[in-house]
Amino acid sequence: MTQHLPILSIISLFIGAFIVALIKEKNEMLRNTIVLIATFLSFVFTIMMYRPIILEGNILTYWMGNWEPIKDWAIGIGLEVDQLSLFFGLFISLSIVLSALYSFRYIERETGKDKYYVLFLMMSASVMGFIFTGDLFNMYVMIEIMTFASVALTAFRNDRPEAVEAGFKYIAIGSIGSSLILLATVIIYAQFHTLNLAQLAGELYNNYTAITIFALALMIVGYAVKVFAVPTHFVAPDAYMVAPSSISMLFSGIVNKAAVYGILRIIYVVYQSMNLSSMQFLLVFWGTVTMFIGVTMALAQHDFKRLLAFHSISQIGYVLTGIGLTTALGITGGLYHALNHTLFKGLLFLCAGAVFYATGTTDLDKLGGLAKRMPQTTLIFLIGAFSISGIPPFNGFVSKWIIYQASYEAGYAPVTIIALIVSVMTLASFIKVAQSAFFGQLPKEFKNVEEVPLSMRIPMWIMAILCIVGGIVPSTVTKYLITPAANAVMNSAKYVEVMMGKEFASKFYSNLGSAPVIDYKLAGYWQPIAWLILFGILLLAFTLVAVLGGFNPKKFSYADEEDAKYDVFFSGESAEFSHVGGSDLFWGLKYQFRHYFDFMHKIHSGLVNDYALSVVLTAAVILLYVFTFVR
Amino acid sequence: MKDEKSLFINIVALLILSFMAFYIYKVSIDTGEGIKITDNITPKMRVADRFLKKNVLDENSTYNFSQTAEDTSANIVTSIVVDYRLFDTTLEVIVLFVTILGFGFVIPKDRRRILKPSVILYRWSPILMILMLMIGGYMFINGHLSPGGGFPAGAIISTAVLIGVLAGRKTVNHKTLKVVEAIAGISIFGIGIASFIIKGVFFQNFLTGDKIGDLFSGGLIPVFYALIAFKVAAELSNIYFEFYEEC
């Protein structure tokens, strides 16, 4: 039974999608039940793989249709689940379940729900398949399903023109990325006459020719488009903003993570370019640029979800930097941050969805004072914001700390400094969101908003609790999840050996059976529990002061009079109860860096031609770089 | 248009068509080459033979890489597409499904009124449809013996549906197509699960022991091709219904 688990967790989602397609649109109860059962089954099957793979250290292989390799030559499709795949699979299948649970009430007022759930399940299934497969072309097909389903779900609210526009942009850019991956796949197949990843890894071991390097460059650019690394990121904010929040969560939580997995699998396991300093520099540089530009753009946004989208880009920069360092510590940090990013960014997108559900807008200039009306959402949002900004007792701090330490130890001290600055700017922009959306003056039209229903709060609470757990017991999480995955990244010989047999592997590798030792010490004197206690004391003191009326002696009131006094605050004067608009909070910073921001606004022109050009230029630059430096 | 008249014209058209077909057949027989509709001579060379230098009728001849790899289908391309890499093929069909479903969102529906088609199209569309359906059916039934297969067959069948729409005739409606699509999709995975129950491995060809080159050979390959053809036909026919709304 154990060996069938990977295919079962993929297939249950696909069958669920087809059954949902049969159900009539009106029959809501049955459809929700089937969606929940399919996603939950997939999650359970993934969980069941935990014991054999991570605890016992096995690698599951599965040949579809029993087409096992003959004479060391794979002709069928093989699935291979190692610790890295399972690590990604665990949190991806969890976020699929949570997103499905959240969707039921969130999109109840929309039309086209039957299509929504079909596409939702198709996208989830393709991501699971992408993570668990061991075949290059199968990866491409899964990416194709993923891209088209994402495009369709982006344009789900197609009564809004910007949704259709974002869908069109996404399909243009996404297709370019897919084409690059397909071209690389074709080149590799023409060169080696096989598509099996393990066999390719063996053939490519210390065997870099001009053709394989060409394919490598195309793969890097293709997956960078999927991961929305910086010069190719332009479409991401548009898509994340207009998609329903349950889908935005999946975009940043699973589609992006699948591309990160693709980079790890292709560059490190198949191409084994771990020890090439040129490749390290490329990823670290790219990641640093991505995190910096993402966060500065996020500072300038005044839409809740658009801001989150730019933060998503920025946090992916951390992940790229971490895995680019290629030290044990760096890969651990990158993987930990990938996990944390799924949790806290999913949480924040769900908060944005809750705000949209309650008020009908995500524009920060129009929102305000929702903390009185939606206390639980506010609390959850604060947990997410603290996590993403890296405040100690939450999980973001741990992974960011590991990345700082790893980059400093690897000799990239400037990267550490930039990462710290980016973290501060992240906090700044979330202060802006908290101030504009949840605190301050409650606008008159929102005085009747209510807390979101329970089925939407449950997924948010689960993620919030996981955020706290990841910050309090980092050593347990590292030991039982991250270290095995990092080990699998660094040990591609075992990947080949399990899939293709010992004879095949021993033709290429001389160091079979010797796993790399992951040994590092976390620097610093921080104790998570102590930080938690300190945080609790501070929170208690803050609450006490607030309850005793230390901050705001006058009673809370919403503006119920048509008075210019209660309008959005635009100028530099300070007045009682006046609400500073979201875009004006950091006006000083924005003024000082106006040339930079003007330049960035000009680049984000909204024209799909420019965006496509930037992707092509990126491809050209990466090709030049890879051909010049990678040996 | 009255029914008796249209029936009469249809019969006349069919007669003309059958006469033309007979004439072509006669001429080809007379020239000596002939179109062999029924072939009693057992062919010695098949497609696989040409590509892989393997005599498919000889039990002892082997495929380049293995002894057992190609033991089902006479057409090696079909073996690759529907047997070795069946999972990929299924996923490709799903790509088509997702694309057509999703583009209904990206390109909102237009309202469209069908103009009254010309009499010629209206009369001839059933005949053309019959021919197209026959060719499409032939292609997916013989997919494991000769070039062709589920994808082109589905495309041809969907063209027949489209001609019906253009000619203003009622053929199939939106809901039927959706049901066909979903049932074909479920069946593909259902057979995959059936092979799990019978053989213990997903997507394994569990019907074996037939003679290569026969119509009913290749195990599950013709079954899968039929399902793929129906699914592709339903998906491509759906393009019209996804983009236009009749009023």
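The side chain of S423(A) makes a polar contact with the side chain of Y404(A) at 3.5 Å, a polar contact being a pair of N or O atoms within 3.5 Å in which, within protein, one atom must be able to donate a hydrogen and the other to accept it, while residues adjacent in sequence count only if both atoms are side-chain atoms. This is a predicted model, in which local features need pLDDT of at least 70, side-chain atom pairs count only at pLDDT 80 or more, and totals for chains, interfaces and linings use all residues. Residues are numbered from 1 along each chain as its sequence is written, chains are lettered from A and ligands numbered from 1 in the order in which they are written, and side-chain values use heavy atoms, with hydrogens and water left out.

S423(A) sits in helix 17 (residues 413–438) of chain A, where helices (H or I, at least four residues) and strands (E, at least two) are DSSP runs numbered from the N terminus. S423(A) counts as buried because its relative accessibility is 8%; buried means under 20% relative accessible area, exposed over 50%, and partly exposed in between, with a 1.4 Å probe and protein chains only. Not counting residues up to four places away in sequence, S423(A) touches Y318(A), S389(A), K400(A) and Y404(A), contact meaning heavy atoms within 4.5 Å.

H4(A) lies in the segment before helix 1 (5–22) of chain A and is buried, with a relative accessible area of 6%. Beyond residues up to four places away in sequence, H4(A) touches Y62(A) as well as F196(B), G200(B), V201(B) and F202(B).

| Side chain | Partner side chain | Distance |
|---|---|---|
| S423(A) | K400(A) | 3.3 Å |
| S423(A) | Y404(A) | 3.5 Å |
| H4(A) | Y62(A) | 3.2 Å |

The largest nonpolar core has 242 residues, and those with the most contacts inside it are F88(A), M122(A), L335(A) and F381(A); such a core is a set of buried Ala, Val, Leu, Ile, Met, Phe, Trp, Tyr and Cys residues joined through side-chain atoms within 4.5 Å. A second, separate core of 10 residues includes L299(A), Y318(A), Y404(A) and M425(A).

Chain B contains 8 helices and 2 strands, which run α-α-α-α-β-α-α-α-α-β from the N terminus on. Of the 247 residues in chain B, 44% are buried. An unreviewed UniProt entry annotates residues 7–25, 89–108, 120–141, 147–167, 179–203 and 215–234 of chain B as "transmembrane region". In the model, residues 120–141 of chain B are 100% helix and 0% strand, with their end C-alpha atoms 31 Å apart, whereas residues 179–203 of chain B are 80% helix and 0% strand, with their end C-alpha atoms 23 Å apart.

As for confidence, the predictor gives the complex an ipTM of 0.85 and a pTM of 0.86. The mean pLDDT of chain B is 76, and 72% of its residues reach 70 or more, pLDDT being the predictor's confidence in each residue, from 0 to 100. Among the elements of chain B, helix 2 (residues 47–52) of chain B has the lowest mean pLDDT (46), and helix 6 (residues 150–166) of chain B the highest (88). Over residues 37–51 of chain B the pLDDT is below 50, and this stretch has 20 contacts in the model beyond near neighbours in sequence.

Key: UniProt positions are given in the numbering used here, feature names are shortened, and annotations may be inferred rather than shown by experiment.
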